[in-house]
Amino acid sequence: VGEVLDGASESLVAKARLGDGTEAILKVGLPGSADLAQESRVYEVANGRGYARLFEYDAGRNAILLECLGDTLAQMDYPVDTQIRVMCATLATAWLPLEDPAGLMTGAEKAQWLADFIKARWHILNGSCPAAVRDRALQFCAQRRAAHTRQHAVLVHGDVHSLNTLQVPGGADHFKFVDPDGLFAERACDLATLMRDWSTPLLIGNTAYLLRARCDLLAELCGVDVQAIWQWGFAERVSTSLMLMEIGLHKEGEEMLRVAEAVLMEEVA
């Protein structure tokens, strides 16, 4: 085991070297905070396709050994559209068919989880989020829950963003994902975080128009239903904004929420 890496919030992550000299990454989950069993299952199913390759999982130590990848996409200072294209190209490889959930949360369960989270946090924060925004998010959660079908579900990452997208050494345009939540859900579920992130540029211009344009781009790049992307993205934006405000990151949470409000106002108009 070598240098401990910065940035992990629920695990110890360090560089490592295997017995044959292969570079690797060691990840040890904090007791009571990060159970790596599901993460290891995703890596095992993917077998290196779109995800870092799993070398070994030790359930007793709650630890995994992974393929060592390069810089994160976030470190490369690419424009937003370029980052989106990179992650969508990586998702095309990472979306793998599964015959059954294999112990993973389903898209229906994820939609219900989001709805429960939004309702609970809305009360805790004393209505910091307008009721109309909350209600629209809950409506979309209900629609995505009802839309879940086994035949349209694949292995999805569940938390795709530029910090979880790492370059493959020696492959300038080749990236893989790390830190998967792991879900058995429709592809649109994995595009929710790409609809949620990068709020600042959206607020500079016509917010609703810019977000619609992003949604259309995601639909075009991934061949996924635009309305499903929109609904997952709105629910994810509202739930994350409430989470950020709850933990004291008010500026970031309020910025996300302002986008949701602008979109809702345009829909009503």
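Visitor: In this predicted model, what span should the 21 residues of helix α8 have, and how far apart are its end C-alpha atoms?
Guide: Helix α8 covers residues 226–246. At 1.5 Å a residue, its 21 residues should span 30 Å. The distance between the end C-alpha atoms agrees with this, at 30 Å.

Visitor: Is α8 largely enclosed by the rest of the structure or largely exposed, and how many of its residues are buried?
Guide: A residue counts as buried under 20% relative accessible area. Helix α8 is largely enclosed by the rest of the structure, because the buried residues among its 21 number 17.

Visitor: Which backbone nitrogen does a side-chain oxygen of Asp225 reach at the start of α8?
Guide: Just after the other end of α8, Gly248 takes a positive phi of about 95°. At the start of the helix, a side-chain oxygen of Asp225 comes to within 3.3 Å of a backbone nitrogen, that of Gln227.

Visitor: Which element gives the most to the largest nonpolar core?
Guide: This core has 77 residues, and Leu191, Ile229 and Val238 touch the most other members. With 9 residues, the element that gives the most is α8.

Visitor: Is Glu186 buried or exposed, and at what relative accessibility?
Guide: Glu186 is placed in the loop between β10 (183–185) and α5 (192–196). The cut-off for buried is under 20%. Glu186 therefore counts as buried, at a relative accessibility of 16%.

Visitor: Which side chain is joined to that of Glu186 by a polar contact of 3.0 Å?
Guide: Leaving aside neighbours within four places in sequence, Glu186 is in contact with residues including His152, Ala153 and Val156. Arg144, Ala228 and Trp232 are also in contact with Glu186. The polar contact of 3.0 Å is with the side chain of Arg144.

Visitor: Where does Arg144 lie, and is it buried or exposed?
Guide: Arg144 lies in helix α4, residues 131–147. Beyond its neighbours within four places in sequence, Arg144 is in contact with Ala111, Glu186, Ala228, Gln231 and Trp232. At 12% relative accessibility, Arg144 counts as buried.

Visitor: In what order do the strands β1, β2, β3 and β4 form a sheet?
Guide: The edge strands are β1 (11–17) and β3 (54–58), each pairing on one side only. Strand β2 (residues 23–29) pairs with β4 (residues 63–67) over 5 bridges, and β3 pairs with β4 over 4 bridges. The sheet is open and antiparallel, in the order β1-β2-β4-β3.

Visitor: Which residue of β4 is the bridge partner of Tyr57?
Guide: β3 and β4 form a hairpin with 4 residues between them. In its turn, Asn62 has a positive phi of about 50°. Within β4, the bridge partner of Val28 is Ala63, while that of Tyr57 is Ile64.

Visitor: Where is Asn47 found, and what is its phi near?
Guide: Asn47 is in the loop between α1 and β3. It counts as partly exposed, at 47% relative accessibility. Its phi is positive in a residue other than glycine, near 55°.

Visitor: Which residue of β7 is the bridge partner of Leu96?
Guide: A mixed open sheet has the order β5-β7-β10-β6. Its edge strands are β5 (96–97) and β6 (105–106). β5 and β7 (residues 154–156) run antiparallel and are joined by 2 bridges. The partner of Leu96 in β7 is Leu155.

Definitions and conventions
Residues are numbered from 1 along each chain as its sequence is written. This is a predicted model: local features need pLDDT of at least 70, side-chain atom pairs count only at pLDDT 80 or more; totals for chains, interfaces and linings use all residues. Side-chain values use heavy atoms; hydrogens and water are left out. The expected span of a helix is 1.5 Å times one less than its number of residues. Buried means under 20% relative accessible area, exposed over 50%, partly exposed in between (1.4 Å probe, protein chains only). A polar contact is a pair of N or O atoms within 3.5 Å; within protein, one must be able to donate a hydrogen and the other to accept it, and residues adjacent in sequence count only if both atoms are side-chain atoms. Two strands pair if DSSP finds at least two bridges between them. A nonpolar core is a set of buried Ala, Val, Leu, Ile, Met, Phe, Trp, Tyr and Cys residues joined through side-chain atoms within 4.5 Å. Contact means heavy atoms within 4.5 Å.
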